[in-house]
Amino acid sequence: MGSQSIMRGLLTALYLSSGFARAPDEPDTGEHPDWPRWCGKVYESGYPSFEPGGHTVEPPSNGSTFLHVQLKPRYSLYLSTETKASFVVNAALSPWFGEEYDSAAAHTARNNGTEEELVFSISLADEDSSLVEDKIKVNATGVEFEFDLDGLEPRLEPYDVLFQGTLGDKSSYSATTELLYLPDNPDGSATKIDNLNGGLLFKSAQTDGTFEPFLPYGYYGLYNGSNETSVSDAFVSGYTSDGEGLNGIISLAGFADTNPVYDSMDEQGLRFMFDLRGSYKNLTETEQRVNTIKHHTSLFAYWTADEPDGWQVPFDKTPAAQALIHKLDPYHPVAITLNCQDYYFGTYSAGGDILMEDVYPIGINSTFSKWGTPCNATLGDCGCDNCHERGVLEVASRLADLAKYENWLGRWPLPKFHNPQVFHGEDYWARDPTADEARAMNALAFNRGATGIFGWTWPSSDELFDVHSDMAAVVTNAPVRDFLLGGKPVEFVVKDHGILDAAYWVQGDRVLVSIVNPGDEDIGTSVTVKLPVALKEIDDVVLGGLAWQLQKGELVVNRIPAVSTSFIILKVE
């Protein structure tokens, strides 16, 4: 992609001013806010280390069992053009959250050869009539219950919803949520969050007003600021490889709010997340910018805070911006990017509808920083918070950590996007990721449930641009997209090869298998992969190019190279 090299030269000044280098803020959280800190830890020499605090810990348990009832609408919003909706209900047993569980009733049910069921109703909080009346087995999760929207009036404010359930004749359980049922916006766009599987759906005039699965894949992008339509058209065409590669962008720098580049995105279908990181703390400016941009048909989300946990931004800033954006434009979600492994995760993540992580593990010295200090749990900044030079596996660890924290906090999980490293420099990162590392990091993210990819930043090297464009062409289109967004990954262990990271997704009569060798050495002997589903035949090896075969119902390959990634689609019995 030679045009990228030319563009890179034109954008040097914008790149340096885009916020890539850390700029000072006014920290107001944690210990010693007047000291130079990142993720709560002092990083310059001459200061003593200290416990930064802000850790997310497993809640204490008193040995009791609780029934933790949660519910969400299947989708974050519904439009007046729709007639049906549904709620997703969890009735999980928990050692920490919910209301006391009557184990005696469960014992009676087991003696009778039945499974205990929670009988419930779901209704609007200010009305007596029920939207749903049904029952759910105790300890069941992700169960969907449909209802009609006919009796509801579309409006811009969400409806308050109440769940009330009983076990037997004495135990009662309740939960609340909100339902957003909006008037249609035929001249704009809308994005749904799938609260069951964690992906997105998008509709605009280009989708004929129909919601379609959307896995965004792109970069935090830089533009040269030109107001010439021909230049902006060429930019979008080159960035998307004429619609065959990247399908999303975060408009980082050079994108003035009224620049025709947004019209070019509308026309060519490049969907963008609008950058509010420089204004989200100023609600007046945020309101003005949202009202300017919200009518674009290629807008799919807003991005407010860039690493607020690293900057130790005052806790109230991101929730305030999120609430304002929801009021101004309820058709699009709000995303934030977290950098730290765990610095007040619960508080900082509360300001987003989509959670992005930007762990950058390639080419780092994880033990000693450019600031002349060690890096550990209480001191230092080495460019990858609490990383241990595990390479691509840091991505898997970070996403697993975020899911664990949400569980410990008793929260409904947010969609997760991975921000892959596509750069080097700043005396933190000695080199770019290799092509193999780039593919592996993204696959490890998908194996942990990520449903979007945005690399920092574009333009990147030509090699990485080609790698990500090629991978985007695979994962943003059917059939792979429908696996990644249509269900949650099931992780499994490959016998005798514990180094391999593996997961699968089932859709109908097919299964997608993802296998990553994150290690630095080839596996030079035959590898056999047995799945807990009956396999019929290989449909396609869509990524990786290895010569996988199906032998006696098991996947077999004669070798797996170091830092390699395979996506295989198979038919099931």
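When I say strand, I mean a DSSP run of E with at least two residues, numbered from the N terminus. By that count, Asp160 is found in strand 10, which covers residues 159-167. And before I go on: this is a predicted model.

Leaving out residues up to four places away in sequence, Asp160 touches Ser123, Leu124 and Ala125, plus Thr177 and Glu178. For a sense of distance, take Leu79: Asp160 and Leu79 sit 81 residues apart in sequence and 17 Å apart in space, C-alpha to C-alpha.

Now Leu201. You'll find Leu201 in strand 14, residues 200-203. Its relative accessibility is 15%, and because the cut-off for buried is under 20%, Leu201 counts as buried. Again skipping residues up to four places away, Leu201 touches a list of residues including Tyr75, Ala190, Lys192, Phe211, Pro213 and Phe214. Between Leu201 and Glu157 there are 44 residues of sequence separation and 21 Å in space, C-alpha to C-alpha.

In soluble globular proteins, nonpolar side chains tend to be buried together. Here the largest nonpolar core has 90 residues, and among those with the most contacts inside it are Met265, Phe300, Phe446 and Phe567. Which helix gives the most to this core? That's helix 11, residues 435-447, with eight residues. There's also a second, separate core of 38 residues, and Leu201 is part of that one, along with Val89, Phe163 and Tyr181.

Zooming out, the chain has 13 helices and 31 strands. Its radius of gyration is 24 Å, close to the 25 Å from the globule rule for 573 residues, so the chain is as compact as a globular protein of that length. Along the principal axes, the C-alpha trace spans about 70 × 60 × 55 Å. Buried residues make up 55% of the 573. Of the contacts with a separation of 6 or more, 71% are between residues 24 or more positions apart.

Last, the surface and the charges. The chain exposes about 23,500 Å², with carbon and sulfur atoms supplying 48% of that. There are 39 positive and 82 negative charges, and their mean positions are 5 Å apart.

Key:
Residues numbered from 1 in each chain as written. Predicted model: local features only at pLDDT ≥ 70, side-chain atom pairs only at ≥ 80, totals over all residues. Heavy atoms only, no water. Core = buried A, V, L, I, M, F, W, Y, C linked by side-chain atoms within 4.5 Å. Buried < 20%, exposed > 50% of the residue type's maximum accessible area, 1.4 Å probe, protein only. Helix = DSSP H or I, 4+ residues; strand = E, 2+ residues; numbered from the N terminus. Contact = heavy atoms within 4.5 Å. Rg over C-alpha atoms; globule rule 2.2 N^0.38 Å. Areas by Shrake-Rupley, 256 points an atom, 1.4 Å probe, with all protein chains shown as cover. Lys, Arg positive; Asp, Glu negative; His and termini not counted. Charge placed at Lys NZ, Arg CZ, Asp CG, Glu CD.
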